[in-house]
Amino acid sequence: MVAELAPETVRERLDADDEFDLLDIRDEEAYDDGHLPEAEHVTIDELEETVVDRDWADDVVVYCYVGQTSIQAARLIEEYGDAERVASMAGGYDAWEPVEASSADD
């Protein structure tokens with residue numbers, strides 16, 4: 001079963017400068033319209049082709065639009081990648097936007 005992280009937890013990890021790979025697997029247009037800080041864009045198709053050959057960090061967090069495709073991507077990384085811990089961001093980018101807005105208010 002794929003672990004899920006709340007967007008607030010991902011925000012805390014980014015703020016703390018934790019080391020982890022952060023993957024945005026939405027389409028390029030969505031990525032260009034907005035993405036999490038430090039996120040690398042890679043489509044699910046690209047991930048399927050490169051998962052074995054990538055040099056993964058120990059921790060990986062994946063997100064998509066609402067959290068469904070990122071679970072699929074996280075499973076792929078768990079099975080074929082060499083990361084120690086893989087998680088999907090619960091709710092995807094749709095859930096991130098309210099977190100980003102509330103942290104801007106602080």
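Modeller: The side chains of Asp-59 and Arg-13 meet in a salt bridge, with N and O 3.2 Å apart; a salt bridge here is a side-chain nitrogen of Lys or Arg within 4 Å of a carboxyl oxygen of Asp or Glu. The two residues lie in distant parts of the chain, 46 residues apart, with Asp-59 in strand 4 (residues 59-63) and Arg-13 in helix 1 (residues 7-15). Helices (H or I, at least four residues) and strands (E, at least two) are DSSP runs, numbered from the N terminus. This is a predicted model, in which local features need pLDDT of at least 70 and side-chain atom pairs count only at pLDDT 80 or more, while totals for chains, interfaces and linings use all residues. Residues are numbered from 1 along each chain as its sequence is written, and side-chain values use heavy atoms, with hydrogens and water left out.

Asp-59 counts as buried because its relative accessibility is 14%. Arg-13 is also buried, with a relative accessible area of 16%. Buried means under 20% relative accessible area, exposed over 50%, and partly exposed in between (1.4 Å probe, protein chains only).

Arg-13 has another partner: Asp-18 forms a salt bridge with Arg-13, and their closest N and O atoms are 3.2 Å apart. Asp-18 has 38% relative accessibility, so Asp-18 counts as partly exposed. In general, side chains of opposite charge can pair when their charged atoms come close.

A further pair is formed by Asp-24 and Arg-26, whose closest N and O atoms are 2.7 Å apart. Asp-24 and Arg-26 are both buried. Over the whole structure, a search finds seven salt bridges.

Strand 5 (residues 85-89) contains Ser-88. Ser-88 has a relative accessible area of 0% and is therefore buried. Setting aside neighbours within four places in sequence, Ser-88 has contacts (heavy atoms within 4.5 Å) with residues including Val-2, Ala-3, Val-62 and Ile-71. Although Ser-88 and Ala-3 are 85 residues apart along the chain, their C-alpha atoms are separated by 6.3 Å.

Glu-29 is found in helix 2.
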